[in-house]
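Q: Could you walk me through this model feature by feature? I'd like the general idea each time, and then the case at hand.

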Amino acid sequence: MSVFENILVKKEGRIAYVTINREQQLNALNTKTIEELMLTLTDLASDIDVWGIIVTGSGAKAFVAGADIKEFQSLGEEEGRKLSQLGSVKLMDRIQYFEKPVIAAINGYALGGGLELALSCHLRVAVAEAKVGLPEVSLGLIPGYGGTQRLTELVGRGKALEMIMTGGMISADDANRWGLVNHVVAAHELISTCEEILHQIFSRSKTAVAAAIRAVNAHGDKQKNGYVVESEEFGKCFETPDFEEGVAAFLEKRKPRF
Ligand code: COA
């Protein structure tokens, strides 16, 4: 297990468990935590034994209760912009474009930067008691780690604007109905549900899963035509060993060995 100051990383089987570990501060994301997460992602990207990641928060109360508000006090416009770019581009984009599946296990409050962290993951599973929201307007701010974009993409403009302008929290069940989280489960089933999803993904072709992540990500990318990216990725799949194995296994009526 690698231990940083603010996060715990445990690798077990093919899964890396990344836990934001500032329980007394409700796992608020300070700069140090963001930097440690970035280092962890670099390590996990190149670790061939890690096939997928579960991100969660320490304790039973919070996933992540936001960016660390205590760090905001001394910031001006330029520092604010830089902080947003650090969180948004270097961390959240990195997770969104990560080529192994990343699931947010939302074990409690996911607010502000915490919800933005969850939104950047490929999937979200929440406990029934979780509450999610983007309360930045109550601090005179707006979401700065991609929340205005990713939330809008996920739940649509009307609901995104309602959450962002009111700054209110919604329940896990409402988040599920709105399409913001994929599943709501009892607390004791949170990690096992994420593991089950990952194991199902692991039984598929890794190269195809990575291609699917790239193609889906092209959807919100104004520099790209998603249909063109999909065609390119589709075409490339035909040249992979996994395609040969997948089709052979189907024809031989057996499970593929990817
Ligand atoms: N940044 C820094 N510290 C935070 C934090 C954040 N985003 N969220 C919580 N904390 C700290 C609190 O300051 C407190 O620390 P202290 O004991 O040193 O005073 C500790 O975590 C516990 O939080 P507390 O507010 O006492 O818990 P609560 O149960 O009364 O309330 C919340 C829980 C989540 C409703 C409340 O902490 C909250 O509103 N947090 C801020 C959420 C937010 O605005 N996030 C967006 C930031 S951009």
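Q: What polar contacts does the ligand make with the backbone, and how do I read them?
A: A polar contact is a pair of N or O atoms within 3.5 Å; within protein, one must be able to donate a hydrogen and the other to accept it, and residues adjacent in sequence count only if both atoms are side-chain atoms. Here a polar backbone atom of Ala65 sits 3.0 Å from a nitrogen atom of the ligand. The ligand exposes 860 Å² when taken alone, and the protein buries 62% of that (Shrake-Rupley areas, 1.4 Å probe; for residues, only the protein chains shown count as cover).

Q: Before we go on, what should I know about the model itself?
A: It is a predicted model, in which local features need pLDDT of at least 70 and side-chain atom pairs count only at pLDDT 80 or more, while totals for chains, interfaces and linings use all residues. Residues are numbered from 1 along each chain as its sequence is written, and side-chain values use heavy atoms, with hydrogens and water left out.

Q: How many residues surround the ligand, and of which classes are they?
A: A residue is near a molecule if one of its heavy atoms lies within 4 Å of it. The ligand is surrounded by 19 residues, the closest being Lys61, Ala65, Ala67, Ile69 and Lys70. The shell has 11 nonpolar, four polar and four charged residues. In this scheme Ala, Val, Leu, Ile, Met, Phe, Trp, Tyr, Cys and Pro are nonpolar, Asp, Glu, Lys and Arg are charged, and the others, Gly among them, are polar.

Q: How do I read a salt bridge, and how many are there?
A: Look for a side-chain nitrogen of Lys or Arg within 4 Å of a carboxyl oxygen of Asp or Glu. That rule gives 14 salt bridges. One of them joins Glu77 and Arg81, at 2.8 Å from N to O. Both residues lie in helix H2 (residues 77–96), four residues apart, about one turn of the helix. Helices are DSSP runs (H or I, at least four residues), numbered from the N terminus. An α-helix has 3.6 residues a turn, so residues three or four places apart point the same way.

Q: Which residues form a salt-bridge network?
A: Glu99, Arg214, Glu233 and Lys236 are linked in one.

Q: Where is the nonpolar surface patch?
A: Nonpolar patches join Val, Leu, Ile, Met, Phe, Trp and Tyr side chains within 5 Å, using residues with over 30% relative accessible area and no salt bridge; like charges are joined within 9 Å. Phe234, Phe238, Phe243, Val247, Phe250 and Leu251 make up this one, with about 650 Å² of accessible area together. Helix H10 (residues 241–251) supplies the largest share, four residues. Phe238 lies in the loop between helix H9 (226–237) and H10, and is partly exposed at 42% relative accessibility.

Key. Helix = DSSP H or I, 4+ residues; strand = E, 2+ residues; numbered from the N terminus. Buried < 20%, exposed > 50% of the residue type's maximum accessible area, 1.4 Å probe, protein only.
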